[in-house]
Amino acid sequence: MRGTSMADIGSYNEKLVLQLIRAAPDGVSQSQVVRTSGLSRQTVSLIARRLLLEGLIETAGQRISGPGKPTTLLRTVADSRWTIGLHVDPAHLTVVICDLQGNPVDSTTLGAPTEDAGADIARIAAEIERLCAHHGAVMIHDLPAPAAQSGDGGSVPQSPPRRVVLGIGVAAPAPMDVAAGELTTPPWLPGWHGAAVVADLEAATGLPVLLDKDTNAALTGEIWAGHLPAEETVLYLYLSHGVGSAVSADGRVHRGSSTQAGEIGHLPTGLADEICRCGRHGCLNLFTDARRMIERATAAGAKVGPHDISAAVDAIVAAAERGESAALQAVEQHLDAVVAALEILSSIHDPQRIIVGGPMLTALLPLATPRIREGTAARLVETGGTLHFSELGNAAGAIGAACLFLEEELSPGRRLGARARSGS
Ligand SMILES: [Zn+2]
């Protein structure tokens, strides 16, 4: 039985051709696709014709290279298929619509997740419906069944559908059971412990849903948005209420055997501190957990006020910028720990590119950039690597989640393990 979400994207070979065309935003020739895919000229030609008829690709002018006739370029129609990205962050729920190139079309930020995950999911589903209706998008399951394809070009549909929503990618904090599509015990989201995110959101929207870690999603968003070269090894450090890391090589995020790769809260930083709940000294989370930073600043005399965590962090950063020592010290300890973590992770992964991002980075920004630059400078000179600060802002997780869904949909013969499509 064909999954509803793939009804119009089709077979292994079609996905392969579409992915190769998508990877070249300025267009690629059919001969180039033949060379890269290893498929026969006839197969590529047939698939390209179908993709053109279905409105997934279009011609993009001609390229003249050397003697002979100019070649016609093909590129994807970004507007033809959309995906939804959802980021479940302790501080906010972000919903974004992305096009077939992974570019954000629209987004909304809802209030923070509550103690009632079921009510939150209903709220999210209503927002997805509102956003899609606002843009005249069509859910994939509402498309009329495609007419039987004869494969010989047959009858031409009047006009191919646009803005067809394929599904939803969800980014959430670890730990989670990706295969079951459930969060387990994310420390900052008590109301979402055990939440069956994939099943519940599929039931509420009728769309296929894929779940992954916020760190993996954010890195994927960076790779897509920056068109980063696939051969690069990229180390991403994600700073939120907690801290996590992700690494990609060959354009793919490394997940490990149970999607728990990059859980670095107990990385030994070598910095002195009280004993961590794991029994060791100097664990990264002792310095980088937002709650710990607030406690540290408050204990040293900083006035934080009865705020929620995000507002308290903002108050500490503002006080630190004014030069108030208690707040400044807490922020500096956080950043020292981040630098120590980058040092260790760089030794392990030897990245060409380091990206630091996440909501906590946004909050710490004016103080974070000089400290992190200074702390990593010597190593970067030694390795020739580069350091970047995410420019996707707080929507990075949601954009990345949409990209992860797309990546999964467009990748021939690959499954993440999550139920990436409905069983209907
Ligand atoms: Zn520990």
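How far apart do the C-alpha centres of domain 1 and domain 2 lie? They lie 29 Å apart. The model is predicted. Its chain has a mean pLDDT of 87, and 92% of the residues reach 70 or more. The domain assignment gives domain 1, domain 2 and domain 3.

**Domains**

- Domain 1 covers residues 4–76.
- Domain 2 is assigned in pieces: 81–147, 160–220 and 397–410.
- Domain 3 spans residues 227–390.

- Three strands form an open sheet with antiparallel pairing, in the order 1-3-2.
- Strand 1 (28–29) and strand 2 (57–63) are the edge strands, and each pairs on one side only.
- Strand 3 takes in residues 71–76. Five bridges join strand 3 to strand 2, in the antiparallel sense.
- Arg63 faces a residue of strand 3: Thr71 stands opposite.
- Helix 1 (residues 12–22) lies across strand 1, strand 2 and strand 3. Helix 1 runs at about 95° to strand 3.

- Another open sheet has five strands in the order 14-13-12-15-16, and its pairing is mixed.
- Strand 14 (252–253) and strand 16 (386–389) each have a single partner strand, so one side of each is left without a neighbour in the sheet.
- Six bridges link strand 12 (residues 234–239) with strand 13 (residues 243–249), and this pair is antiparallel.
- Leu235 stands opposite Val247 of strand 13.
- Helix 6 (residues 214–225) packs on this sheet. It touches strand 12, strand 13, strand 14 and strand 15 (353–357). The direction of helix 6 makes about 125° with that of strand 12.
- Helix 10 (residues 325–349) lies across strand 12, strand 13 and strand 15. Its angle to strand 12 is about 155°.

**The nonpolar core**

- The largest nonpolar core holds 115 residues.
- Val17, Val170, Ile316 and Ala402 have the most contacts inside this core.
- Leaving aside residues up to four places away in sequence, Val17 touches Val33, Ser37, Val44, Ile47, Ala48 and Leu51.

- Over residues 1–8 the pLDDT is below 50. Beyond near neighbours in sequence, this stretch has 19 contacts in the model.
- Residues 148–154 also stay under 50 in pLDDT. Here the model has three contacts beyond four places in sequence.

Technical notes:
Residues numbered from 1 in each chain as written. Predicted model: local features only at pLDDT ≥ 70, side-chain atom pairs only at ≥ 80, totals over all residues. Pairing = 2+ DSSP bridges. Helix = DSSP H or I, 4+ residues; strand = E, 2+ residues; numbered from the N terminus. Contact = placed C-beta atoms within 7 Å. Axes fitted to C-alpha atoms, helices over the stretch in contact; angles between N-to-C directions. Domains from an automatic or database assignment. Core = buried A, V, L, I, M, F, W, Y, C linked by C-beta atoms within 7 Å. Buried ≥ 20, exposed ≤ 12 C-beta atoms within 10 Å, placed from the backbone. pLDDT = per-residue confidence, 0-100.
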